[in-house]
Amino acid sequence: MSDRHPPAAGHPNHDNPSTAAALESGSRPPVPESPAPAVPSTQSPVSPNTKAIVFNNVSRFYGDVLGVNGVNIVVEPGITSLVGPNGSGKTTLMNMMSGLIFPSQGSVSVLGVSPRDPERLFPLLGYCTQFDSFPRGVTGFQFVHTTLLFHGLSGKEAEERAWEAIERVKLSDAANRRVAAYSKGMRQRIKLAQAVAHRPRVLILDEPLNGLDPMARAETIALFRALAAEGLFVIVSSHILHEVDLISDRVVLINQGYIVAEGDIRGVRSEVKDQPMQILVQCDRPRALAQELFPTETIVEARLLPDEIGVLFKTTDADRFYNAFQQIVLATGIQIDVVRPVDDDADSVYQYLIGQPGAVS
Amino acid sequence: MTTATPLPELIRHPANWRRWFSQIFVLVRMDLLRHFFTRRAIWLHLLALAPVGITGIYYLVQMFKDRGGSLGADSLAFAGIFQILYLRFLIFFGSLAVGTYLVRGEVLGKTLHFYFLLPLRRDVFLLSRYLVGVIATSVVFIVSVAASYFLILMHRGSEFWTFLFEGQGMANLVDYLLVTILACAGYGAVFLLFSLYVRNPLIPGAVVFVWEAINVFLPSVLQKISVIYYLKSLSPVDVPADGALALIVVPPEPISRAVAAGGLLLLITVLFVLGSRRVQRTEIDYTD
């Protein structure tokens, strides 16, 4: 956690009229009961782009049921997390990126390539799906190796790459066993190995941490970070929000088929004006600090922590708060130990914008 | 940790025939064996074994009794068995069992996404599945047809071997086997296409069976949209028949064997193109 807000890199998506109106009126954005159609984004011009993944006014309906509606997003390199409750449209977006399903309207382009062109798409893209079925009878090694043969690699090259990917997910010992005998976590890892084996530039991971034990989770998250550091586009859906915080450079919050917010998590948080931001300060004289700050009218609430080890401030304007705070500290000589926003994580933003507490399920 | 490699290094061959052939080879090698050795394949083997059992009994009976009739009569008997039993029923239902499962089986097993997430054209995928089906059914029925052929004729001893190696016997056998392959290819294409549209294989099975059965009563143009129309003209030995049997075995509009083979291949191509168009639009939805 940083002590200070970074510049707002993202914002709640004003494409969703209900959310935008709620943000401007200062009330909590309601969960849309009957989602209204989205209007084109005012944030990022969406155009065919060979350096990003672009959703251009994408809607998808399953019969009469809304999958996603009016999605305009541009995904850039780094780790982007899709966050939302079950049935919100996360997997629909991922499946449209990979051509497993097609938009009812609008278009998707992955680094300038249409998902309808598998020969050009899949050298660029690896997809670790939530589907947990494998071709019958294959071993872990065969599963990865066979995939590589389709990429035009020779048998020997494919073998080397397959082992490299399998070692990367730490499954070498079990590679020659049949996948059918794998545990849930092992199946997740072999799918991950298959997705990264051909060294794609875009990696789509649908609930990739499901079934992994804590050690494997930590290793997998480290792998995602390393891949993102290499310049990959890593798109993750996860329902474990504290892991989203650990993993993500950006989040896309989605609810009932609408993009509710997108961007850097702290940037998104700073745009949620109707929910005062909570800032924890630990210092030697919390009561004095609170008394000094109240007259500046930059805080709406101050709550002393037990044993007076600090104070929790609520402010609707973090920038003004930090200016006033800095001047007071300099003037009074109060010794500051910690200054930390406490509700600029994915969980808090999720609660504010989507309105369901705790982990998404 | 390795560094991400740019795309061009991975694609050693541009999208071309060579690459497609190599992908088809990998897919066929991957899938072929399981079409012989799965529980589902038992039905195919039983279908193919049934006439072998019958002709085997016939052979044993003939071995222990006075051989009446003639080699010609036996040859005609086999022609009848081939046209009626093999073409109308066994190869038809064998192809139904295999063809309708080639893609549908992947949907039921929730494994279709594996193929759809490869750098593989969907029509190349479909072609490979089709080839797997045709090879699987052809191999089984070729063995069955050849075995039945020998079991019906072989009891005639030296007369048969002379007929086989010095007369028309070998040419007839090769023709029967080629027609068997064409029948598997024709019905395989029909049922592969239907399986892309219909979930329950019994429905296309019943529809095609009736369509093939009433083929002789259809207008000339519609007759050509059937597999049996061409197969009738390809059979190497004509079966003399009257009445209802003639409707089954005698081509209503005799055409040369070359035209029949060409027509059937054209029909297969049309069916495959339709299937390709369908599979391009196919979406992964395992809830079907």
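**Chains A and B in a predicted complex**

Chain A has twelve helices and 14 strands. The model under discussion is predicted.

Me: Over which residues of chain A is the pLDDT below 50?
Reply: The mean pLDDT of chain A is 82, and 85% of its residues reach 70 or more. One stretch lies below 50, although the model gives this stretch 104 contacts beyond near neighbours in sequence. Where pLDDT is low, predicted coordinates should not be read in detail. The stretch in question is residues 1–47.

Me: Over which residues of chain B does the pLDDT stay under 50?
Reply: Chain B averages a pLDDT of 88, with 90% of the residues scoring at least 70. The stretch under 50 has 22 contacts beyond four places in sequence in the model. In chain B, that stretch is residues 1–13.

Me: What percentage of the residues of chain A count as buried?
Reply: Among contacts in chain A between residues at least 6 apart in sequence, 70% join residues at least 24 apart. Chain A comprises 361 residues, and the buried share of these is 48%.

Me: Which element of chain B gives the most to the side that touches chain A?
Reply: The contact involves 30 residues of chain B and 32 residues of chain A. On the chain B side, the elements that give two or more residues are α1 (7–10), α2 (17–37) and α6 (112–116). By class, that side has 15 nonpolar, eight polar and seven charged residues. With five residues, the element that gives the most is α2(B).

Me: Are α3(B) and α7(B) roughly parallel or roughly antiparallel to each other?
Reply: Two packed helices are described by the angle and the distance between their axes. The axes of α3(B), residues 41–63, and α7(B) come within 8 Å and cross at roughly 5°. Angles under 35 degrees count as roughly parallel. Therefore the two helices, α3(B) and α7(B), are roughly parallel.

Me: How many charged residues does the contact of α3(B) with α7(B) have?
Reply: Residues of α3(B) in this contact include B:Leu44, B:Val52 and B:Tyr59, and those of α7(B) include B:Val140, B:Phe141 and B:Leu151. By class, the contact has 13 nonpolar and six polar residues; the number of charged residues is none.

Me: Does A:Arg189 count as buried or exposed?
Reply: A:Arg189 is placed in helix α6 of chain A, residues 184–197. Apart from residues up to four places away in sequence, A:Arg189 touches A:Val169, A:Leu171 and A:Ala216. A residue needs 20 or more other C-beta atoms within 10 Å to be buried. Because A:Arg189 has 27 C-beta neighbours inside 10 Å, this residue counts as buried.

Me: What distance separates the C-alpha atoms of A:Arg189 and A:Pro208?
Reply: A:Arg189 and A:Pro208 are 19 residues apart along the chain. Their C-alpha atoms are separated by 8.4 Å.

Definitions and conventions: Residues are numbered from 1 along each chain as its sequence is written. Chains are lettered from A and ligands numbered from 1 in the order in which they are written. This is a predicted model: local features need pLDDT of at least 70, side-chain atom pairs count only at pLDDT 80 or more; totals for chains, interfaces and linings use all residues. Two residues are in contact if their C-beta atoms, placed from the backbone, lie within 7 Å. Helices (H or I, at least four residues) and strands (E, at least two) are DSSP runs, numbered from the N terminus. Ala, Val, Leu, Ile, Met, Phe, Trp, Tyr, Cys and Pro count as nonpolar, Asp, Glu, Lys and Arg as charged, and the others, Gly among them, as polar. pLDDT is the predictor's confidence in each residue, from 0 to 100. Axes are lines fitted to C-alpha atoms, for helices over the stretch in contact, and angles run from 0 to 180 degrees between N-to-C directions. Angles under 35 degrees count as roughly parallel, over 145 as roughly antiparallel, 65 to 115 as roughly perpendicular and the rest as oblique. A residue is buried if 20 or more other C-beta atoms lie within 10 Å of its own, exposed if 12 or fewer, and partly exposed in between; C-beta atoms are placed from the backbone.
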